Amino acid sequence: MTRPILTAMVSYAAGILAGQYFDIPVIFLYFTGALVLLLGLYHEASGWQKNRLYFCLALVALGIIMVQWQDERNKGNIEFLADQRVLIIGSVAAEPDVRLNAANYTVKVEELVERDGESAVESSGEPVRGRILLTVAGPAPQYSYGDRLEISGIPMVPKEPGNPGEFNYREYLKAKGIQLIIKSRQGAGVQKTGTGSINPVVDVCLKIKVKLMAVIDATMSRQHAGLLAGILFGSGGRIDPGARNDFALTGVVHILSVSGYHMGLLVAFCVLCGNILQLNKTGRNILMVLVTSFYAVMTGASPPVVRALVMAWVLLLARHSGGEYDWPNSLSLAALVILLYDPRALFNPGFQLSFTATWGILYLAPLWRGLPKLAPAGLLSAVTIVSQALAITVSAQAAIFPITSYYFNYISLVSLPANLIIVPLISLVMILGGFAALGGLLWLPLGGTVNFSTGLILDLILRIARFLAGLPFAVVTVKQPSIVQIAAFYVITVISIEAFRNPEIWLRLRRRWSLHRTKVVPLILAIVAAILWTSIVSPAGSGKLEVTFLDIGQGDAVLIQSPDGRSIIIDTGGVQGSPLSAYNPGEKILVPYLRRKGISKIDLLVLSHAHADHIQGAEALVKSMGVNMLVVAPQFDDSSDGSRLLNSFTEKGIQIKEATGGEKVLFDEKITLEVLSPPGNAEAKENDNSLVVRLCFGELHILFTGDVGETVLQKLADYPVAVHAEIVKVPHHGSKSGWLERFYRVADPEMAVISVGPNYFGHPSREVLNGLSGLNIPVFRTDKNGAVIVRSDGSDYQVETVKDQ
Amino acid sequence: MKILDKISGFLFPLQNSCLLCKKGASYGSLCPKCRDEIITRHDFTFCPVCGRYQLEVSSAKQKHNVCQECRETTPRFLAAKSLGPFRGALKEAIYIYKYKGHRSLSIVFGQLLAELLLDEPGLADTDLLVPVPLSQEKAVTRGFNQSELLAVKIGKILNLPVSNDLVRVRNTPSQSKLARKARMDNIKGAFALSNKISGGNVVLIDDILTTGATAGECAGVLLQAGVQKVTVLTLASGIQEKDNYLF
C-alpha cells in the first residue's frame, strides 16, 4: 500500500459514520479494542502490509470514540433553563456572525445569576456548563470576541425540523455545542460587563481582521464591502440576500468561501515579502506558515479554510524536502486533521462541498488533458487556458452535483459560463481588495484609490450574476437524491475511471466484448429500453395518493400528490397580520419542500380565503414554479389582499376558477374535489367565506375546512352524506370559534388534523382539544407532530408524522 | 530532521521509477512514454506470416508482403506477431526482463501482448496459450521461464487457459550464436508433449522470434498432436536484411 493516510482517513470516516448512526455501546468498543490489540500482537512481527486490517480497525474504533467523546464535550447542563426568564453571565466564545439586520453571538455560559426571578446563586449544586446562541436583531451595540455579557431573556430550545428533509437546526447547533437560543430585540437585556476568557492568538487575529474590515468599510459602499468581506474572508453574513441568491442560482456561490486560491495568493505574497526582506528558503517557509495560519484563524478556521491550509503546507513541505507531491495523501491528511478535531464536520455541507469539489478538480480535471491537442497549432496556448478553466469548472461541478442536488434541489444550467466569466474577475477582486485592505492600514487614501476599481469590478460581477440568474431555465429543479444514489454516483464514477485508466480492466472488457458481442448488444439495448420505459411510463408517481399537512408554522398548507405524480396544493402558509413580513413560510418551507420532492409544477392551487396565514406563500410559489389553475371562492376578490393576488395571477396568465358550494372539480378519474361551501350569494365574515372542500379518492375522504366558524359548521352538519370524512382538517387552527360537536358527530372522522404553530391567539383551544378527545377522535397537530403525511391506495390509508410528539 | 523525513515518507510515497528511463512511472514498471516507445514500429514493414521486420522502402507496393524466406518455405505456424522489431528500447527492456531478472516487467509485457492478441481478429477464437519451454539448465540459472510468465499474465487478463504440457526433451546449445540452417538442425526433436493437448486453436508465446526455427519446431509438435492451428506471439521479432529480389 502506498497511501496509508488515505486508508486511515477512509477508515476513520467510516468509524464516524458508524458512531453517528448506530448507537454503539461502550462494551462493543472495549471488545473491538481488545480484538484490535490481539490482532496487533499477532501481526507484530510482520510488516505494514499485513497490519493493514489492524490499522483500519483501530481507526474505525477511533472514529466511533471521537464522535461519542464529542457528544460528551458538547453536552451542556443548561437545557433545563428553557422557557424561563433567566439572567446569566457568559462570554462571547467565537467571532460574532454579523448579518445585515442582526448579529449572532455564541456565548459560553459562565454563571447563572437569576432564574424565574429568584436568585440562583446559592441553589446551584453543579456549575452551569453550555453555550447559548444570542441573536440580537435590529440596530444594537456590537460586541466582539471575548466580551463578557450579562444577558437577561427567555432561552428556547432550537427548533427541530417539522417537515421531511428539512434542515435540522437543533442538530446543527448541537454539533457546535450550543444548547439554547436567546433572542433580543435591539440589544435589550444584554449588557457588556467586562472581558471574559480569551485565546490571545485568536484575539489578535480577529483584531487585525476588524482593522482590515474597517479599511474596507471606509473605502466602499455598504453592499460592496459586505461582498468583499465574503470574498476575502469567507464571512458572508453581510452580503445582500438578493446577490447571494444570484450567486447560488448561477453556481458561483463558492467564491464566497475561502479556497486554495486564497492560500496560493498568500503564499505568493509571502514570496514577494521574502524577496524584499531577502530571507533564505527556511525563513521564507516559516513566514508562509505563519501568515497562512494567521489567515486561517482570522477566517474562523472553517473546514474549507483548514483544508486549503493543510494542503498548502503539504505542498510547501514537498518543495522543502524534495518529495513528490501526492494530492490524494494531502487531501486525506486535510480531512483527517479536520475530523480529528471535529468528527461531526463530516456532516457539514461546507466540508462535504469543499472536499468533493477539490477531489473533482484534482481527480476528474486531468482527464481532460488531451483536449487541447485537438486544437489548431496557432491557437494552442489560448485553447489550453480556456480548456483548463473549462475542465476545472466542469469537474468541480460534476463532483459536487449530487451534494448540491441533495441540499439545494436544483442544478444551475448557467454555471459554466458564469464560472468562466466571474471566477477570473473574482481573482482580480481578491488581489486588488487584499492589496487595498493592507495598503489602507498604512495609508487610507491608498486603499480608497485601489478600492474604487475593486468596486467597479464587483459591480460588474453583480450585474453579470443578476443577468445570468434571470435567464429562463437558469436552474432546473431536481428531486432530492437518496444517500444510496449519491454513494452510487461516486462509486460508479471512480470505478469506471479507474477501469479506463487501468489497462488490464480495459483489455478484459475488450475481450468480453469480442467474445460476447452478439449477446452484449441486445442486453444493453434491453437495459436502456427498460430504463426509458420505466421513466416514461411511470413517472415520479408512487402509485399512492399522498396528502401532506405541512408544519408551516401558524397557518395552513397542504400538498396532495396524486398516484400519477400530479400535485394539488390547498393553502400556502404565511404569517397572519403581516403580509410584508420578512419571514415568509411559503418561501422558506413550502417551496423548498416541493423542490425536495422534485415538484416543479402545481396542477391545481386551492386558496381557501384571503388571509395571510393561508395565501402569503402563493406569490413565492408562483415565482418559483408553474401553476396550472387556481380555485378560490367568489368572495376571495372582496378583500384587498385577495384581489391583488388575483390580479397578479391573471397577469401571469394562470387560469382562475371561482367555485361555490355544490360544485365539483374533477381532477382526474380517481380524484374529485367537492366544494361544500360557501354558497355563491352568502355574505359573511371573511373566515366564514372559506372554501370547504372534500377530497374524494376511492373510499378515502378528507375534509378541508379552511377557517370557517360555528355558523358554517351548523349548515354543513345538515348534510351528513356530503360532509362524511375519514379525516377532517380542524377549522381555523383549532380555534374555539370553529367548534361544534354536532358537526363532528355527523362527519364522523377517524382522525383530525390541526394545522397550527406558535401563536398568541390561544390556538388550538382547550375546548376543541377536549371536545375531540371526548368523541374519541385522535388528533394530529402540526406544531407537535410536525408534518402529518397520509398515504392511501383508495381503500386503506396510513398516517406518518415527522415527530413523535 | 529524522521525524520530518518520516512524515514526508508518509506524505510523499516513493513511486516506482521506470526501468528504462529511470524517471517516474504510474502503472507497472515502465512510464507511459517508454511503454509507447517499445511498441513503436515506425519505419518498418513486417511479413504477415513470420512477423519479422524489414526497413521500410519508400515504394508503397512492398508493404506487408510475404518475405522471401516464407515464400520459399512456409513456416509450420499459421502466422507470427510481435510488439516490435528487436532493437532499441524493446531490446533493452527484454534484456532487463530476461537477464537482469526484473520479473515485474511481465505485467507490462503481458498487457501489451494481450492487447496485440485482441487486435488480431483471427485470434478471437483462441482456446489455449502455450509458452515455449526453457531448457532445464537455463531454468535453473535464470530462475524463471520468461515465456511462461508472459503466458500466465495474458491468460489472467484474457481469461484463457495456459498449458505447460509442451516440454523440452533435449537440452540444446544456445540458438543465439547459430545461423538459420544450423538453428533448425539444432532444435529438431527438442520438444515433446508431456500430456495430450485437446485440439483447437493454440497461441504459442515466446520472447523473441529470430528466425522462426524454435517456433516452427514447437508448432510442428503441436500440430502433430492434433491442434488445428498455431499462431505465435512474441515480444520482439528479428529484423531481416532487405529482400534482394524485385519481382
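A crossing of two helices is left-handed if the near helix is turned anticlockwise from the far one by less than a right angle, and right-handed if clockwise. I take helices (H or I, at least four residues) and strands (E, at least two) as DSSP runs, numbered from the N terminus.

**Entry 1: ground rules.** I am working on a predicted model, where local features need pLDDT of at least 70, side-chain atom pairs count only at pLDDT 80 or more, and totals for chains, interfaces and linings use all residues. Residues are numbered from 1 along each chain as its sequence is written, chains are lettered from A and ligands numbered from 1 in the order in which they are written, and side-chain values use heavy atoms, with hydrogens and water left out.

**Entry 2: H7(A) against H15(A).** I looked up this pair and found a left-handed crossing. The axes come within 8 Å and cross at roughly 60°. Axes here are lines fitted to C-alpha atoms, for helices over the stretch in contact, and angles run from 0 to 180 degrees between N-to-C directions. H7(A) is therefore oblique to H15(A); angles under 35 degrees count as roughly parallel, over 145 as roughly antiparallel, 65 to 115 as roughly perpendicular and the rest as oblique. On the H7(A) side I noted A:Gly242, A:Ala243, A:Asp246, A:Phe247 and A:Leu249, which meet A:Ile461, A:Leu462, A:Ala465, A:Arg466 and A:Ala469 of H15(A). Contact means heavy atoms within 4.5 Å.

**Entry 3: cores.** The largest nonpolar core has 44 residues, and A:Ile216, A:Phe247 and A:Ile461 have the most contacts inside it. Among the chain A helices that each supply at least two residues of this core are H5 (200-219), H7 (241-249), H10 (303-321) and H15 (444-470). A nonpolar core is a set of buried Ala, Val, Leu, Ile, Met, Phe, Trp, Tyr and Cys residues joined through side-chain atoms within 4.5 Å. Buried means under 20% relative accessible area, exposed over 50%, partly exposed in between (1.4 Å probe, protein chains only). Leaving out residues up to four places away in sequence, A:Ile216 touches A:Ala225, A:Leu228, A:Leu232, A:Phe233, A:Ala437 and A:Asn451. A second, separate core has 39 residues, including B:Cys31 and B:Leu233.

**Entry 4: H10(A).** I checked its length: at 1.5 Å a residue, the 19 residues should span 27 Å, and the end C-alpha atoms are 27 Å apart, which agrees. The expected span is 1.5 Å times one less than the number of residues. In H10(A), 14 of the 19 residues are buried. Just after H10(A), A:Gly322 takes a positive phi of about 75°.

**Entry 5: two buried residues of chain A.** A:Asp707 sits in the loop between strand E22 (700-704) and helix H22 (710-716). Its relative accessible area is 2%, so A:Asp707 is buried. Not counting residues up to four places away in sequence, its contacts include A:His609, A:His611, A:Asp613 and A:His733. I then turned to A:Ile181 in strand E7 (residues 178-185). A:Ile181 is buried at 6%. A:Gly165 is 16 residues from A:Ile181 in sequence and 23 Å from it in space, C-alpha to C-alpha.

**Entry 6: chain B.** I found 9 helices and 8 strands in chain B. Of its 247 residues, 49% are buried. H4(B) (residues 88-98) and H5(B) (residues 105-119) pack at about 130°, axes 10 Å apart, and are therefore oblique to each other. H4(B) passes H5(B) in a left-handed crossing. Residues making this contact include B:Ile94 of H4(B) and B:Phe109 of H5(B).
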